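Here is a friendly look at a single chain, from its overall build down to one of its helices. Please have the viewer open as you read.

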Amino acid sequence: MKKKVAAITSSRADYSHLYWPLKLLEADSEIELTIVAMAAHMSPEYGNTWQEIAAENFSHIETIECLLSSDTDLGMAKSLGLATLSLADKLAQLKPDLVLIIADRYEMLAPANVALTLRIPILHIEGGDISEGAIDDAVRNALTKMSHIHFTPTEKAKRRVLAMGEEEWRVHFSGAPSLDHIAKSKLKTKQEIKDLLGLSDEYPIVIVTLHSVSLLNDATEEVTALFDALDKHKFQYVFSFPNADLGSHIIMQKAEAFCKSNERAQIHVNLGALNYFSLLSVADCMIGNSSSGIMETPSFCLPTINVGLRQKGREQAKNIIDVKADKKAISNAITQALSSEFRESIKDTINPYGNGDASVIIRDVIKSLPERDVLLFKKNQL
């Protein structure tokens, strides 16, 4: 009999990571895949990105609306509650053999809670990583202990999951599946992506991706320094929308205002994975505090400036410059990142997050898993 897998995706960010695992699971005759798109995917404010999933012609897609149009921590908490209620009905109806979740977004606590109480084994991608400046770190560790099979993004992450008492047979180093786009997707050429976005050779191309720092009392405390620093440099800026967290509306408003007053700046609600990775391949620098800057830019040897606290503790390749949220420090880092000396020094960057074969590992492990009762009864190795 086919294994019934329900894969949960809550935003463009995790869908871009899940894309190739989902494609391989969909194509496998031993797997029956259902994709459950929820939260920001269903929001017009964040681009109705569930339509991007529908355009791929997956056989079974379910949708759940649960994201409040809010910019507060209370809104996040209520959205989580609504997601839990909605997923309880959905997963009880679907009766999957396995639930597949990813990473560290707070929304992922909902499917994990529901699957655990419905006694459905949980598969978790990207556990064992670290991001000390956001609630994501606590969420990721909670998901790890709630899950039954783990696909870690790095070897160090695998050792951390094992150190949490997980049985060795349950823990697999897969790498970050987002990197599979580099190995398996047909990226646009430099000229194609420049034509698409109206970019030229006259000025450096700088990608800016900034999210709120959810553990700070003021989650947007670090934002002003970045925009002040960007204003000092006359580059081509391509902004992407922040995640749906507290303070995200403030970041959107500041980015939109910056783009209105800078003719070479543009902002996109959702570029789509193919365009985004194509842009990474042609850009001159990335600035912000996104996990993409840590996990994906090393594969392109792209100079990356990691601002502030959000990604504190993550493993890093040598293409990344850490800088505090200070106007002068960020400006100096931009100058360093764009220097020929720095670019030369990172030409042989090795990405600790894998080499683009995560989706194959994830599919093969899922196909080889034992029965439900074996998966559910965990032994703590501590």
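## Overall build

The chain holds 16 helices and 13 strands, taken as DSSP runs numbered from the N terminus (helices H or I, at least four residues; strands E, at least two). Its radius of gyration is 20 Å, close to the 21 Å that the globule rule gives for 382 residues, so the chain is as compact as a globular protein of that length. That radius is taken over C-alpha atoms, and the rule is 2.2 Å times the number of residues to the power 0.38. Along the principal axes, the C-alpha trace spans about 60 × 40 × 40 Å.

This is a predicted model, in which local features need pLDDT of at least 70, side-chain atom pairs count only at pLDDT 80 or more, and totals for chains, interfaces and linings use all residues. Residues are numbered from 1 along each chain as its sequence is written, and side-chain values use heavy atoms, with hydrogens and water left out.

## Burial and contacts

Of the 382 residues, 57% count as buried, meaning under 20% relative accessible area (1.4 Å probe, protein chains only). Among contacts (heavy atoms within 4.5 Å) between residues at least 6 apart in sequence, 70% join residues at least 24 apart.

## A look at helix α3

Helix α3 covers residues 73-94 and reaches 31 Å from its first C-alpha to its last. Its buried residues include M76, A83, L87 and L91. Among the elements covering them are β1 (3-9), β4 (98-102) and α4 (109-117). Just after α3, K95 takes a positive phi of about 50 degrees.

Conventions
Buried means under 20% relative accessible area, exposed over 50%, partly exposed in between (1.4 Å probe, protein chains only). The expected span of a helix is 1.5 Å times one less than its number of residues.
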